[in-house]
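This briefing goes through one protein model, topic by topic. Please look at the sequence and the 3D view before reading on.

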Amino acid sequence: MPDYPEAELISLSDEEQGVNVRILRAENFSGGEQDDTLRGEITVSSEFVNGHIDLYLNSYDLDSWTAVLNTVESGQTASWLESGRSPRITISPAAISESECTEVSVHDVTASQIHVTVPIAAPSDWIERHRDLLDAVKRRFPLAPDPL
């Protein structure tokens, strides 16, 4: 397995707080010839709360991140990783959020059941920048297609 450096998939932050998803490495759980899983972590940081949680992603998860970005770009709230096998991330665009900031919620549905929402003064180009981050992750960590 090639040794790739870490990569950011989500990097939403302002001067005070943020939510990041960092991909740490690719792994092979299926025993096939190609890596099929990404190991990463979600990090939440603010003056009020700081924490991180492990995350495992497959090619389907990466593809569904594209759909989340499209939904948020259209002005709607979208959730990512709703399978129940990993933490869930929900993003509400600034235009419809109570705080008038982009709101990112992380819910640890697999263990602690802790749910935190972080309002972020995101730059106007954050969605396009995250499409670029996704493309970079896919190039750096090519995964076997999801069998389902």
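Predicted model: local features only at pLDDT ≥ 70, side-chain atom pairs only at ≥ 80, totals over all residues.

Which residues have the most contacts inside the largest nonpolar core? They are L9, L38, L57, W65, W80 and I89, in a core of 34 residues.

- In soluble globular proteins, nonpolar side chains tend to be buried together.
- W80 is one of the residues with the most contacts inside the core.
- Leaving aside residues up to four places away in sequence, W80 touches L9, I10, L57, D61, S64, W65, V68, P87, R88 and I89.

- Strand β7 covers residues 102-107 and is mostly covered, with six of its six residues buried.
- T102, V104 and V106 point one way from β7, while E103, S105 and H107 point the other way.
- In a regular strand the side chains alternate between the two faces of the sheet.
- Strand β6 (residues 88-92) runs antiparallel to β7 and is joined to it by five bridges.
- Within that pairing, I91 has V104 of β7 as its bridge partner.
- Strand β8 (residues 115-120) also runs antiparallel to β7, and six bridges join the two.
- Here V106 has V116 of β8 as its bridge partner.

**Salt bridges**

- The model has eight salt bridges.
- D54 and R39 form one of them, with their closest N and O atoms 3.3 Å apart.
- This pair links distant parts of the chain, since D54 is in strand β4 (residues 50-57) and R39 is in strand β3 (residues 37-45), 15 residues apart.
- D54 is partly exposed, at 38% relative accessible area, whereas R39 is buried, at 15%.
- E73 forms a salt bridge with R131, and the closest N and O atoms are 2.8 Å apart.
- E73 lies in helix α1 and R131 in helix α2 (residues 126-140), so the pair ties together parts that are 58 residues apart in sequence.
- R131 also meets E128 in a salt bridge, at 3.5 Å from N to O.
- E128 and R131 are about one helical turn apart because they are three residues apart in helix α2.
- R131 counts as buried, at 19% relative accessibility, while E128 counts as partly exposed, at 44%.
- E6, E8 and R22 are linked in a network of salt bridges.

Note on methods. Residues numbered from 1 in each chain as written. Heavy atoms only, no water. Buried < 20%, exposed > 50% of the residue type's maximum accessible area, 1.4 Å probe, protein only. Helix = DSSP H or I, 4+ residues; strand = E, 2+ residues; numbered from the N terminus. Pairing = 2+ DSSP bridges. Core = buried A, V, L, I, M, F, W, Y, C linked by side-chain atoms within 4.5 Å. Contact = heavy atoms within 4.5 Å. Salt bridge = Lys/Arg side-chain N within 4 Å of Asp/Glu carboxyl O.
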